[in-house]
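Here is a short report on the fold below. Please look over the sequence and the model before reading on.

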Amino acid sequence: MELVIGTKRWSTWSLRPWLALKRTGAPFSETLIGLRQDEGRTEAAILPHSPSGLVPALKDGDLTVWDSLAICEYLAEKFPEAKLWPADPALRALARAAASEMHSGFQSLRGECPMALELEPRVTAISEATQKNVRRIVTLWSQLLRRSGGPFLAGEWSIADAFYTPVATRFRGYGIHLSDYGDDGLCGAYATRLLATPEFLEWEAAAKASA
């Protein structure tokens, strides 16, 4: 398999399926496309790999899957032994809902606090719209962690955690203290846990090395 990804410092959408693919233990190659260049050049570099003109894209033989959530679902089906979704049907449904909410929502947080792994953490004032996003994430994380018992959203690590790992980098990078948004420590500990997984640390090291 070949995973086509964008610049590791910035591409949250590339990070998510990369984490899931790493969890399968299957061998794969990376093709890295530099982002934030001239828009036409970037799209021209991506189009031979992805019909959408966007990254990420997964190539497996003659199959190309070009959306981050679709890639993760494909990997879950291809590698059932990796247990990328929880076995419990209710937790699996909730984990899928959480991942889907991240996939389509939290626009203000994304726009105002982009992932930038090369930067040192700093405290940043955020808008009310972004604060609303943070409050919703704290509520969502708290509910799932309490229901599953942790240590991750659905118990053991799952695709839902891959989808929220870039969010944890944003909280850290922009000095967003979850205790200011109703967290009693559960969500802050979870965010720290996401950023301590071996897979994320490998990605982060490569991102910083290329800065």
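At what angle do the axes of α1 and α9 cross? They cross at roughly 130 degrees and come within 10 Å. The model is a predicted one. Angles over 145 degrees count as roughly antiparallel and 65 to 115 as roughly perpendicular, with the rest oblique. That is why α1 is oblique to α9. The crossing of these two helices is right-handed.

From α1, the contact draws on Ser 14, Leu 15, Trp 18, Leu 19, Lys 22 and Arg 23. From α9 come Glu 199, Phe 200, Glu 202 and Trp 203. Sorted by class, the contact between α1 and α9 holds 5 nonpolar, 1 polar and 4 charged residues.

**Nonpolar cores**

Nonpolar side chains tend to be buried together in soluble globular proteins. Here the largest nonpolar core has 60 residues. Trp 141, Tyr 164, Phe 171 and Ile 176 touch the most other members. At least two residues of this core come from each of β1 (2-6), α1 (12-24), α3 (68-78), α4 (89-104), α6 (128-148), α7 (159-173), α8 (186-194) and α9 (198-209). The largest share, 8 residues, is supplied by α7.

Setting aside neighbours within four places in sequence, Phe 171 is in contact with Leu 109, Val 134, Ile 137, Trp 141, Ile 176 and Leu 178. Another core lies apart from the largest one. This other core has 5 residues, including Val 4, Ile 33, Val 55 and Ala 57.

**Backbone exceptions**

Most residues other than glycine have a negative phi, and most peptide bonds are trans.

| Peptide bond | Omega |
|---|---|
| Val 55 to Pro 56, cis | near 5 degrees |
| Gly 150 to Pro 151, cis | near 5 degrees |

Pro 56 sits in the loop between α2 (39-46) and β3 (57-60). Pro 151 belongs to the loop between α6 and α7.

Positive phi values come next. Lys 83 is not a glycine, yet its phi is positive, at about 55 degrees. Lys 83 is in the loop between α3 and α4. Is Lys 83 buried or exposed? Its relative accessibility is 63%, so Lys 83 counts as exposed.

Phe 106, likewise a residue other than glycine, has a positive phi near 60 degrees. Phe 106 lies in the loop between α4 and α5 (107-112). With a relative accessible area of 7%, Phe 106 is buried.

Definitions and conventions. Residues numbered from 1 in each chain as written. Predicted model: local features only at pLDDT ≥ 70, side-chain atom pairs only at ≥ 80, totals over all residues. Heavy atoms only, no water. Core = buried A, V, L, I, M, F, W, Y, C linked by side-chain atoms within 4.5 Å. Buried < 20%, exposed > 50% of the residue type's maximum accessible area, 1.4 Å probe, protein only. Helix = DSSP H or I, 4+ residues; strand = E, 2+ residues; numbered from the N terminus. Contact = heavy atoms within 4.5 Å. Axes fitted to C-alpha atoms, helices over the stretch in contact; angles between N-to-C directions. Parallel < 35°, antiparallel > 145°, perpendicular 65-115°, else oblique. Left-handed = near helix turned anticlockwise from the far one by under 90°. Nonpolar A, V, L, I, M, F, W, Y, C, P; charged D, E, K, R; others polar.
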